[in-house]
Amino acid sequence: MPYPHTGPTGLGQIAQQAAQVLYQHRLVSTRQLHQLITPHHTRTEYLRRQLHTLRKAGLAEAVGRRLSGQTELLWWLTEKGAGAVESVGLLPQRPYRMSPEAALGPLQEHTLATVDTGLAFVDWARRLGHECGPLDWSPESAHYYRDDARPGEDLSLVPDAVLNYVHTDTKAKQRTLLTFFIEVDRTQMTIARLAQKLHAYAAYHAFTPQQPAGRGAKAGRRTTTTPAWRYRYPAFPRLLMVLTGASDSRLARRIADLRSLAASDPTLTNTGLRAGVTTLGQLQHCGPFEPIFTPVLGPAESADAWLRPVGLAA
């Protein structure tokens with residue numbers, strides 16, 4: 001029996017890695033691919049040649065994006081390229097397919113900002129000796145739940161990304177897997193809608209599914225004692241909200257408004273949800289384990305990605 005290949009056959013290692021990243025994250029710029037895959041190269045020429053090899057083979061396509069007076073290429077996999085990655089079987093299959101229209105559409109900037117957020121974690125993991133790679137976050141994974149405030153409805157929570165990060169404490173010789181729900185806000189939605197997302201996360205945190213009653217039991221359904229999230233995660237992921245797309249002063253006001261709305265929501269009073277908010281600029285320049293996060297709920301004491309007051313144990 002032949003051994004599985006790491007990516008589409010007939011391609012170099014960098015091209016195969018690029019194909020996997022494009023499959024996972026849908027739309028990625030040359031700059032982002034360079035930082036994710038070939039950060040050890042000072043120049044991008046080799047990566048660019050590999051990307052054009054993908055395009056010549058009909059596996060990838062690109063569009064131009066005007067940025068600061070220059071044109072940047074944005075890459076995605078064609079149907080043929082996605083099929084080639086899926087045939088290897090190393091990544092969870094994703095039904096979404098990018099198109100030229102979608103690549104140039106209104107979600108372009110949001111998709112790239114989400115990649116930049118994941119890239120910030122990858123970059124700082126390298127600097128700190130932690131573990132987080134280009135495939136360690138998955139965009140838009142659905143989480144199904146029900147909300148007592150909307151009886152009878154089957155609801156779906158879809159984070160912008162679910163990111164896994166291995167934090168290594170060399171002094172304590174301890175490795176900890178951290179999982180984060182990531183929400184990226186480019187100031188395109190109202191602050192009320194952004195606050196409503198907190199309600200959805202709190203409802204998912206509290207949701208305990210019902211199961212059919214066993215044979216001989218009374219008709220109806222019985223409620224388990226196990227929250228739905230425990231079937232997917234050993235601990236409920238921390239929610240990190242990352243703001244971008246406006247001036248620092250405007251983003252600071254947005255954070256204050258978000259905290260104010262969250263404090264006035266009675267459904268969030270006793271939630272076990274841990275949520276923090278920061279800006280993409282702070283995440284990129286300081287890293288997730290500096291006190292750059294403001295807790296959305298409770299006292300406004302700066303915290304790191306553990307969402308604990310600085311200096312306290314997790």
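Which residue in strand 3 is the bridge partner of Ala-60? It's Leu-77. Keep in mind that what you're looking at is a predicted model.

Strand 2 covers residues 60-67 and strand 3 covers residues 70-77, and the two pair in the antiparallel sense over eight bridges. Two residues sit between strand 2 and strand 3 in this hairpin. If you look at the turn, you'll find Ser-68 there, with a positive phi of about 55°. As a general point, side chains in a regular strand alternate between the two faces of the sheet.

| Residue | Element | Relative accessibility |
|---|---|---|
| Ser-29 | strand 1 (residues 28-29) | 1% |
| Leu-258 | helix 8 (residues 248-263) | 1% |

Ser-29 counts as buried because its relative accessibility is 1%, and the cut-off for buried is under 20%. Who does Ser-29 touch? Not counting residues up to four places away in sequence, Ser-29 touches Glu-72, Leu-73, Leu-74, Trp-75 and Leu-112.

Over in helix 8, Leu-258 is also buried, at 1% relative accessibility. Leaving aside neighbours within four places in sequence, Leu-258 is in contact with Ile-191, Leu-194, Ala-195, Leu-198, Met-241, Val-277 and Val-296. Take Leu-198, one of those partners: Leu-198 and Leu-258 are 60 residues apart in sequence, and their C-alpha atoms are 9.7 Å apart in space.

Key. Residues numbered from 1 in each chain as written. Predicted model: local features only at pLDDT ≥ 70, side-chain atom pairs only at ≥ 80, totals over all residues. Heavy atoms only, no water. Helix = DSSP H or I, 4+ residues; strand = E, 2+ residues; numbered from the N terminus. Buried < 20%, exposed > 50% of the residue type's maximum accessible area, 1.4 Å probe, protein only. Contact = heavy atoms within 4.5 Å. Pairing = 2+ DSSP bridges.
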